[in-house]
Protein chains: 2
Amino acid sequence: MGSPQVSTRLPTHKNVLAAQRRLRGRIHTTPILSSRSLNEMAGVDLLFKCESLQRSGSFKYRGALNATLALPRLQRKLGLATHSSGNHGAAVAAVARSLGLTATVVVPRNASKFKRQAIRRYGGHIVPCGKTLLSRERRLREVLADSGAVYIPPYDHPAIIAGQGTAGLEILQQCPGADELWVPVGGGGLAAGTVLAAGAQVQVVGAQPRLARDAHVSMRRGSRQPPMPPVTVADGLRTGLGTLNFAVLHGYQLPIKLVSEAEIIAAQKLAMSCLKILVEPSSAVPLAALLKYGPVQGGSRKVVVVITGGNVEL
Amino acid sequence: MGSPQVSTRLPTHKNVLAAQRRLRGRIHTTPILSSRSLNEMAGVDLLFKCESLQRSGSFKYRGALNATLALPRLQRKLGLATHSSGNHGAAVAAVARSLGLTATVVVPRNASKFKRQAIRRYGGHIVPCGKTLLSRERRLREVLADSGAVYIPPYDHPAIIAGQGTAGLEILQQCPGADELWVPVGGGGLAAGTVLAAGAQVQVVGAQPRLARDAHVSMRRGSRQPPMPPVTVADGLRTGLGTLNFAVLHGYQLPIKLVSEAEIIAAQKLAMSCLKILVEPSSAVPLAALLKYGPVQGGSRKVVVVITGGNVEL
């Protein structure tokens, strides 16, 4: 992208702690829910960290807010910009509103009305673009050049990773004694942040749709693979793994479990009917994998699953 | 019904406090959620008490558990029974499971598969009956006679009212400074319990579908009116106001606001998309009324709305 905010410094546990201090009082401490029925199905105690109940409806608010608050005040004043038709776009718009800034979100013309509405609800300004990644990036560069706005990237940035990691710190506090912590892997912002937050206290496990298994293959091959065609129903996980994200996850040797589209849809329905919350397909991926494979450690009794977002078209 | 558990003693604030002690550690302290978008629409701060995230998916678990725990141990052992195709049936089944008891639920043959599933998920035994209330009651009497099980009534009972009131006590603690507390009114278990819990600390307000306004008319006329034909989309509120419930609500002179079916459906969609939780139509009735009429007191700045249940067919 070549934007001034993209950095190649690897974030650390300390950065996650700093993000937690920065975000204090500005985000929801999202609740942990559980269901006896799901526990019985899984054969272990499952605790669901409901980031779908975070501001803007996903964990993306944490990273976007942390990256914004890390900017010099004068730079922020020119506004925020990003390209995303999904949760990150809504999060940047919601962050801007809460800080009294403007947000411009470059959205492909073929994005659903529902996704546009979520961005508009938070006061985000939508700039249409073509379908391809190239078209998105060109349009975003024009917006940045015209407005002087700051680019808030979706996942490949230390402040984004550190911000997402604050969900992991909350989990350690809310779920003492947890053996494993399962997250979906898309760009890898949440996964990398969680790995940094968790340290050696708890085993982090990733999950991906088989149709978007670039991170899974990247871990095996030891080199970052390009994204697969964006076809999985888990639309939040269609994106490719980021560079910094890969570095963190590869250093940790993150185990990544794969599930089919049918398994994702079944787990989504199950989670919604048992937990009584909206669960988007991407968020059902770790539950699907857990029900399929079980915990990765033989002795695990207590497993935390992050419900990343609740943006479902009704 | 003529069952031995039906009592005509009016419950009091003390009974709600006793219920709270009895339920401690056995129920979820359900979270309070909020949405800036909904605050802007309502023009006041709205706090949503999410009893949809209670065990069994509704506040009904509180009353059913309190009534069961109030029974002598030997009597409980014979099992629980009730007639309900809705949240109360699921609650009684879930309470029985948590205490290692059996539950028999008399369910009309025309109830949806979804509702039967909810009861079965908690291990409840379903006994089919005809559509009419008479048929339900006859079948329940047979079950009680055959099994010796204890009837756990849905709302017209002091222990049920006191149990539901514990949600109100939690609200007072979680939302200090609340001016008003809005609840839907069906049989009146939650409304009466909330009135007893709240005392003079906060103004309780009820809401009903215009198509099921028996409690509204009962308040105006000073005498309990029969239920209206069960046609509203808010299926949890089709039932008539109970005797004890009427006595408590009439003593309080509960204001009850009315809304149309279209207003209920619009508020349901709005609540789900802003709060990211499942909201059943009955639970959307107070929000619909609040958006229509505003708070009942001119100076109210902070209003709590109880989301009573999340049992929505997906």
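Predicted model: local features only at pLDDT ≥ 70, side-chain atom pairs only at ≥ 80, totals over all residues.

Trainee: How far is Lys113(A) from Glu180(A)?
Mentor: Their C-alpha atoms are separated by 37 Å. Along the chain, the two are 67 residues apart.

Trainee: New topic. Which domains does chain A have?
Mentor: The domain assignment gives two entries: domain 1 is 13-56 + 157-307, and domain 2 is 61-151. Domain 1 of chain A takes in 19 residues of their contact, and domain 2 of chain A takes in 14.

Trainee: Which helix gives the largest share on the domain 1 side of chain A?
Mentor: H8(A), with seven residues. Helices H1 (13-23) and H8 (158-174) of chain A each supply at least two residues to that side.

Trainee: What kinds of residues are on that side of domain 1 of chain A?
Mentor: Seven nonpolar, eight polar and four charged.

Trainee: Back to H1(A). At what angle does it pack with H3(A)?
Mentor: About 90 degrees, with the axes 10 Å apart. H1(A) and H3(A) are therefore roughly perpendicular.

Trainee: Which residues make that contact?
Mentor: From H1(A), Ala19(A), Arg22(A) and Leu23(A). From H3(A), Arg62(A), Leu65(A), Asn66(A) and Leu69(A).

Trainee: Now the core. Which residues touch the most other members of the largest nonpolar core?
Mentor: Val92(A), Val305(A), Val92(B) and Val305(B), in a core of 192 residues. In soluble globular proteins, nonpolar side chains tend to be buried together.

Trainee: What does Val92(A) touch?
Mentor: Leaving out residues up to four places away in sequence, Val92(A) touches Ala64(A), Leu80(A), Thr82(A), Ala103(A), Val105(A) and Ile152(A).

Trainee: Last one. How many residues do chain A and chain B put into their contact?
Mentor: Chain A gives 15 residues and chain B gives 15. On the chain A side, helix H12 (residues 261-275) gives the most, with three. That side divides into seven nonpolar, five polar and three charged residues.

How values were computed
Residues numbered from 1 in each chain as written. Chains lettered and ligands numbered in written order. Domains from an automatic or database assignment. Contact = placed C-beta atoms within 7 Å. Helix = DSSP H or I, 4+ residues; strand = E, 2+ residues; numbered from the N terminus. Nonpolar A, V, L, I, M, F, W, Y, C, P; charged D, E, K, R; others polar. Core = buried A, V, L, I, M, F, W, Y, C linked by C-beta atoms within 7 Å. Buried ≥ 20, exposed ≤ 12 C-beta atoms within 10 Å, placed from the backbone. Axes fitted to C-alpha atoms, helices over the stretch in contact; angles between N-to-C directions. Parallel < 35°, antiparallel > 145°, perpendicular 65-115°, else oblique.
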